[in-house]
Structure formats: C-alpha cells, structure tokens
Amino acid sequence: MKFDKHLCLVSAQATPNLAPAVDPSFQPSVVTLAISGDMREKAQWLEEVLKERSIQVEKLAIADAYDYNQCWEYFAEWLGKQSSNVALNVTGGTKVMAMAAMDVFREERKPVFYINIENDEVIRLDTREAPFILPTKIKLKQYLEAHGYSVMKISKPDIDRDIRDFLNRLAYESERFGKALGKLNWLASQAVETRKTGVFLSPALDKLDLDNNALDELISMFKNVNKLSLQDNKIVFPDEDACKFVNGGWLEYLIFQTLASLAGGLGGIDYAASVEIQAPDGRTRNELDAACLLRNTLHIIECKSANLSSNGKASESSGTEALYKLDALRRMGGLRTKAMLVDFRGSLRDIDKSRAAQMNLAVVSGSQLRNLQGEMKAWLK
C-alpha cells in the first residue's frame with residue numbers, strides 16, 4: 001500500500017526514513033519530520049535529499065523526546081489535523097517518541113510500519129500483512145548527503161580493454177612488481193611540471209633503476225596505456241592526471257572495475273572511485289578511494305600501493321595509520337557501514353592484520369588480489 005504522507009521520527013540513522021520515502025512504489029508526496037532538539041541538523045540533511053526527489057517536507061518540533069505524555073499530545077494534535085492517507089514510520093526517534101506515536105496511531109486505527117535496518121524490509125505493525133523488501137535502493141550521493149556530507153566530486157572512470165588488461169596483470173603479479181612499483185610511485189610523486197611543455201618530469205633514474213628488470217617492465221606497461229614515456233633517463237608524464245594514475249590511482253581503477261563486474265550479480269549497486277566529500281563541519285575534506293552502496297549499506301574501500309610495514313615510528317606503521325583512518329571514515333555512514341583495506345604489496349604486518357580483525361575491517365593483501373573479485377564478492381555479501 002502506498003501512503004500520501006509519512007510521519008517520520010528523526011534519529012541519527014537516516015536510512016530507515018530515507019529508504020521508504022524514495023522508493024517509487026512506496027514514495028509519499030509529503031513527509032513530516034518529527035524533530036527533537038538534538039536532531040535539527042540531521043533533519044536538515046534529510047530534508048534536502050527528500051526535496052531533491054520533489055517530496056514536500058513538513059516539520060513537527062518535539063520539545064522533550066523523553067516525555068511520553070507531551071509526545072502523545074504533539075502526535076495526537078498533529079494527526080487530528082490530517083485529512084490525507086497518512087502512515088507512521090516508527091523506526092526512528094527515541095523509544096519514548098516511538099511508543100507515544102504508535103499509541104496515537106493505533107487508537108485512531110492508522111497505518112504503522114517499521115523498517116528492518118538489516119535488509120530494508122517493511123513490517124506492518126497495524127495489520128498481519130506479510131513483510132516485503134523495498135526494491136529501490138538509495139543512490140551513493142543521496143546516502144552521503146543524507147548523512148551530512150557534501151559530495152564535491154564523484155568519479156566513474158571509463159575503462160577500455162587495454163586499461164582492463166593492464167590492471168588485471170598488475171593484480172595478478174602484485175608480489176613480483178611490488179617493490180618496483182614503490183619506486184615508480186615515488187618517481188611520480190616527485191615529478192615537476194615543466195613551464196615550456198606542461199608535461200611532468202620525474203627525477204633521473206640511477207643505474208640501479210635502469211638495471212631493474214621489474215621496473216623496466218612496469219615502465220613499459222604504463223607506457224603502453226599512454227600514462228608515461230622515458231626520455232633522457234627521466235620519466236615523462238603527459239599531465240597531472242597521469243602522475244596520479246601512476247602514483248597509486250590505477251589501484252582505484254582496479255577496484256572500480258571489480259565493482260562493475262560484480263554489480264549485476266549482486267542485484268545492482270551504485271559505485272564510484274575517488275569520491276571527494278566535505279564533512280558536516282564545512283571544513284574537513286576527505287577522499288574515499290572507492291565506495292559503493294549495496295542494499296542501502298555503505299561500503300568504503302581504502303587503496304594502498306605503498307609499503308605499509310613501516311613509517312619510521314617505533315610504535316606505528318603506515319598500515320596502522322591506514323586502519324585508524326579507515327575506521328574513522330567508516331563512522332560517517334551509520335551503523336551498517338563496512339570498510340576494506342586493499343594492500344597491493346602485501347606489506348601489512350601480522351599485528352596490523354590482527355588489529356584489522358579486531359576492528360572488523362576487511363583486508364585484501366598481496367597475492368589475494370589474484371582473486372580480488374571473489375574476495376570482494378564475499379565481503380559485499
């Protein structure tokens with residue numbers, strides 16, 4: 001059944017209120033947000049996303065979300081003014097708010113439903129109708145914005161056959177190319193733009209570099225996909241994007257390609273690489289190397305092609321820092337958010353792998369990239 005208006009109780013979790021509101025088969029024309037004092041900002045984020053879908057938004061201020069009698073009065077007064085086909089989404093709010101709202105709706109024999117946040121199942125609490133799963137899923141940009149993050153950039157790279165074959169070879173030979181790729185990453189990071197031609201030139205390769213077969217093979221591979229050339233013992237990058245691609249950006253392409261190959265078999269996912277976001281504070285910016293939304297659950301992937309075993313500190317490694325950063329990013333998307341670290345070189349220390357397991361962070365490392373599609377499929381499911 002489709003309702004003209006949803007009464008939603010705003011809480012820290014945006015998904016249970018957003019998912020039924022944006023599903024075409026269930027979408028109302030109006031959403032009323034019941035907002036306690038500490039949820040005003042979260043209500044504003046949700047309102048902006050709903051309005052993008054041409055849904056009218058009304059607000060019902062709740063003075064004390066823990067005063068049952070007061071909440072009951074607010075909801076009873078609001079419901080008494082409604083003439084349209086209204087339903088209560090009782091998933092959010094405080095328990096007191098939810099109990100008061102449900103009691104009011106039951107007394108008036110009005111529809112009440114609850115969203116199972118594990119699988120987006122709609123459960124009717126006023127009838128014995130069988131639950132059903134919402135078929136339409138939230139888009140990645142919508143999801144991030146509903147949680148207060150401004151999406152500054154979202155990339156969906158076009159990967160042709162040559163790039164795809166190149167990426168697959170790198171993934172399959174991660175152990176053999178790991179150390180040489182570290183050197184190539186460094187050369188790309190040190191490249192300087194030339195004023196005359198606009199290309200970027202790396203520092204000169206030394207004799208050890210020139211005699212390094214793995215590095216020579218890597219340079220040829222990147223050259224074949226038009227990302228660099230070799231001139232006078234210096235690497236020439238045609239532009240800044242090529243520098244970024246060689247300096248680890250290719251790994252984001254590999255993850256994006258893998259997500260694309262899995263999308264159909266998983267019932268459809270919205271995915272992207274290099275997602276630049278601005279936090280709700282308006283100052284902090286972060287980049288998600290890759291991200292996807294599957295069953296309205298955010299999945300974040302951090303890509304590392306550098307050596308994660310050390311950073312010069314006795315107590316921490318680069319891998320430790322990467323895990324703490326990933327754990328912090330995971331908090332942005334609500335309780336269901338999952339996160340993965342992809343360690344191309346297989347350099348993550350055992351102690352860091354144990355730490356990742358304790359933090360419930362997935363890790364794909366070194367030779368596991370040969371079965372990246374299988375590893376990621378298992379993680380997403």
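Residues are numbered from 1 along each chain as its sequence is written. In this predicted model, local features need pLDDT of at least 70, side-chain atom pairs count only at pLDDT 80 or more, and totals for chains, interfaces and linings use all residues.

Six strands make up an open sheet of mixed pairing, in the order S8-S13-S14-S15-S16-S17. Strands are DSSP runs of E with at least two residues, helices are runs of H or I with at least four, and both are numbered from the N terminus. Two strands pair if DSSP finds at least two bridges between them. At the edges are S8 (150-155) and S17 (362-365), each pairing on one side only. Within the sheet, S13 (residues 270-278) and S14 (residues 285-294) are antiparallel partners over eight bridges.

Helix H11 (residues 318-330) has 13 residues. Its buried residues (under 20% relative accessible area, 1.4 Å probe, protein chains only) include Leu323, Leu326 and Asp327. The buried residues of H11 pack against S14, S15 (297-304), S16 (338-343) and helix H12 (350-358), where contact means heavy atoms within 4.5 Å.

Helices H6 (residues 161-172) and H7 (residues 174-189) have axes that come within 6 Å and cross at roughly 95°. Axes are lines fitted to C-alpha atoms, for helices over the stretch in contact, with angles from 0 to 180 degrees between N-to-C directions. H6 and H7 are therefore roughly perpendicular, a term for angles of 65 to 115 degrees. Arg169, Leu170, Ala171 and Tyr172 of H6 meet Ser174, Arg176 and Phe177 of H7.

How values were computed. Heavy atoms only, no water. Parallel < 35°, antiparallel > 145°, perpendicular 65-115°, else oblique. Expected span 1.5 Å × (residues − 1). Buried < 20%, exposed > 50% of the residue type's maximum accessible area, 1.4 Å probe, protein only.
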